Amino acid sequence: MRQRLLLVSGIFLDIPESWQPWSERATDKMLKERILSAFLRNTSGNPCLPGSWLRHKGCIYASTVAPGVRDIPEPKRVSPTEDFYNKNKRLNRPMSPHLTIYKYQITSTLSISNRITGAVQSVALSGFAIAAMTLPGMYPMYLETLNNLALGPAIIGGVKFAIALPFMYHLCAGIRHLVWDAGRGFTLQTVYRSGYAVIAATLLLSVAAACV
């Protein structure tokens, strides 16, 4: 059976000659429906959809290609100024769920904490460097001022622990990521064990740093 390429709405369709929808040979309803379905699949997204034997903006519309098959209306034009939320509201699309519906997982918590502590370190170190360059006096002077406040070992130790905690956690989590970069520790059991190990090491190192 010979085939030829048809240029319809700017798209080439490879259709057997005996299947041409306008041919008298195509008398079977099921055959015509298949032809029309194939035509629509090939022209999806094209503004030239079946209508009538008329030329409209350089496109040929064909509603009589398959008698008994209903015409498919042209899709509605969406305003280019319509934003994402208004379009979803118009189409009655539900909003995607947020993080609040998900069950707590230590793996995701550690991953987010690693990014948060990294940001905290960047801000703290940058602020300390800017303060060292702009404030009057030297570091020993401010250290002596803190000693003269007589805050007590509990307060000083707590502040030192709070300062050391993000640094130590980011250090331990970074070592964990280095192990992952080597292609190890990706099993679910190992991921959970390494996560608990990061938490334990962070607390121990932070306490040690606060006691110095």
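**Salt bridge, pocket, rings and cysteines**

Tutor: Searching the whole structure turns up 1 salt bridge. That term means a side-chain nitrogen of Lys or Arg within 4 Å of a carboxyl oxygen of Asp or Glu. This is a predicted model, where local features need pLDDT of at least 70, side-chain atom pairs count only at pLDDT 80 or more, and totals for chains, interfaces and linings use all residues. Residues are numbered from 1 along each chain as its sequence is written, and side-chain values use heavy atoms, leaving out hydrogens and water.

Student: Which side chains meet in the salt bridge?
Tutor: Glu82 and Arg90, at 2.9 Å from N to O. Side chains of opposite charge can pair when their charged atoms come close.

Student: New topic. How much space lies in the largest pocket?
Tutor: About 470 Å³. The volume is the space filled by probe spheres set on grid points, which are joined across faces, edges and corners. A pocket is an open set of points on a 1 Å grid over the protein atoms alone, where a 1.4 Å probe fits, with protein on both sides within 12 Å along at least five of seven lines; lining residues have an atom within 4 Å of a point.

Student: Which residues are closest to the centre of the largest pocket?
Tutor: Tyr139, Leu146, Val159, Lys160 and Ile163, out of 13 lining residues.

Student: And what kinds of residues make up that lining?
Tutor: 11 nonpolar, 1 polar and 1 charged. Ala, Val, Leu, Ile, Met, Phe, Trp, Tyr, Cys and Pro count as nonpolar; Asp, Glu, Lys and Arg as charged; the others, Gly among them, as polar.

Student: How many aromatic pairs are there?
Tutor: The count is 2. Rings of Phe, Tyr and Trp (its six-membered ring) pair if their centres lie within 6.5 Å; planes under 30 degrees apart are stacked, over 60 edge-to-face, the rest tilted. Phe84 and Tyr85 are edge-to-face, 5.4 Å centre to centre with 85 degrees between planes. Trp180 and Phe186 are stacked, at 6.1 Å and 25 degrees.

Student: Last one. How many disulfides does the structure hold?
Tutor: 0. A disulfide needs a pair of cysteine sulfur atoms within 2.5 Å. Cys172 is buried at 10% relative accessibility, while Cys211 is exposed at 66%.

Terms used: Buried < 20%, exposed > 50% of the residue type's maximum accessible area, 1.4 Å probe, protein only.
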